[in-house]
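Trainee: I have a new model open and would like to walk through it with you. Could we begin with the overall layout and then go into the details?

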Amino acid sequence: MEEKDDHGSGDLLVKEAPPKVKKPKMYKVVMINDDYTPMEFVIHVLEFFFAMNRQQATKVMLEVHTKGKGVCGIFSYDLAETKATQVVDYARSNEHPLICTVETDD
């Protein structure tokens, strides 16, 4: 869009269109069930790494236990990858085979 300037010089000013900002794609951190990690440890992980209260953490833990997997949270890609890695590293340091993966949030 072109406009004349306010100074009467006849020079044209070009107005830039505002940038189009796309919402970033989001990713789910998904916890996978195993037969070895204690339920109490899973609840602790959900409270510590995903800031869930006891009730929320218990609900997700039961979903993981009964359905085979459960969503811990939805984040940007970098944050989801970081959280999944932190959980797996923490589980290994406590000798548990707990697994978290990252999936697109479609």
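Mentor: Read along the sequence, the protein chain runs β-β-β-α-α-β-α-β, which comes to 3 helices and 5 strands, where helices (H or I, at least four residues) and strands (E, at least two) are DSSP runs numbered from the N terminus. This is a predicted model, in which local features need pLDDT of at least 70 and side-chain atom pairs count only at pLDDT 80 or more, while totals for chains, interfaces and linings use all residues. Residues are numbered from 1 along each chain as its sequence is written, and side-chain values use heavy atoms, with hydrogens and water left out.

Trainee: What share of the residues counts as buried?

Mentor: Of the 106 residues of the protein chain, 29% count as buried, where buried means under 20% relative accessible area, exposed over 50% and partly exposed in between (1.4 Å probe, protein chains only). As for contacts, meaning heavy atoms within 4.5 Å, 63% of those between residues at least 6 apart in sequence join residues at least 24 apart.

Trainee: OK, on to Lys-83. Where does it sit, and what is the nearest side chain of opposite charge?

Mentor: Lys-83 lies in helix H3, residues 77-93, and it is buried yet has no salt bridge, a salt bridge being a side-chain nitrogen of Lys or Arg within 4 Å of a carboxyl oxygen of Asp or Glu. The nearest side chain of opposite charge is that of Glu-81, 13 Å away; for charge, Lys and Arg count as positive and Asp and Glu as negative, while His and the chain ends are not counted.

Trainee: Then what does the side chain of Lys-83 reach?

Mentor: It reaches the backbone oxygen of Phe-49 at 2.6 Å, which is a polar contact, that is, a pair of N or O atoms within 3.5 Å in which, within protein, one must be able to donate a hydrogen and the other to accept it, and residues adjacent in sequence count only if both atoms are side-chain atoms. The charged end of Lys-83 also sits over the ring of Phe-50, 5.4 Å from its centre; the rule for this asks for NZ of Lys or CZ of Arg within 6 Å of the ring centre and within 35 degrees of the ring normal. Not counting residues up to four places away in sequence, Lys-83 touches Val-29, Phe-49, Phe-50 and Phe-75.

Trainee: Why is the pair of Phe-50 and Phe-75 tilted?

Mentor: Their planes are at 35° and their centres 6.2 Å apart, so the pair is tilted. It links Phe-50 in helix H1 (residues 39-50) with Phe-75 in strand E4 (residues 69-75), 25 residues apart. Phe-50 is buried at 10% relative accessible area, and Phe-75 counts as buried at 16%. Separately, Phe-41, Phe-48, Phe-49 and Tyr-90 form one aromatic cluster.

Trainee: Last topic, the backbone. What is phi at Ala-51?

Mentor: Ala-51 has a positive phi of about 55° although it is not a glycine. Most residues other than glycine have a negative phi. Ala-51 is in the loop between H1 and helix H2 (54-67), and it is exposed, with a relative accessible area of 68%. Glu-95, also not a glycine, has a positive phi near 60°; it is found in the loop between H3 and strand E5 (99-104) and is exposed at 73%.

Technical notes
Rings of Phe, Tyr and Trp (its six-membered ring) pair if their centres lie within 6.5 Å; planes under 30 degrees apart count as stacked, over 60 as edge-to-face and the rest as tilted.
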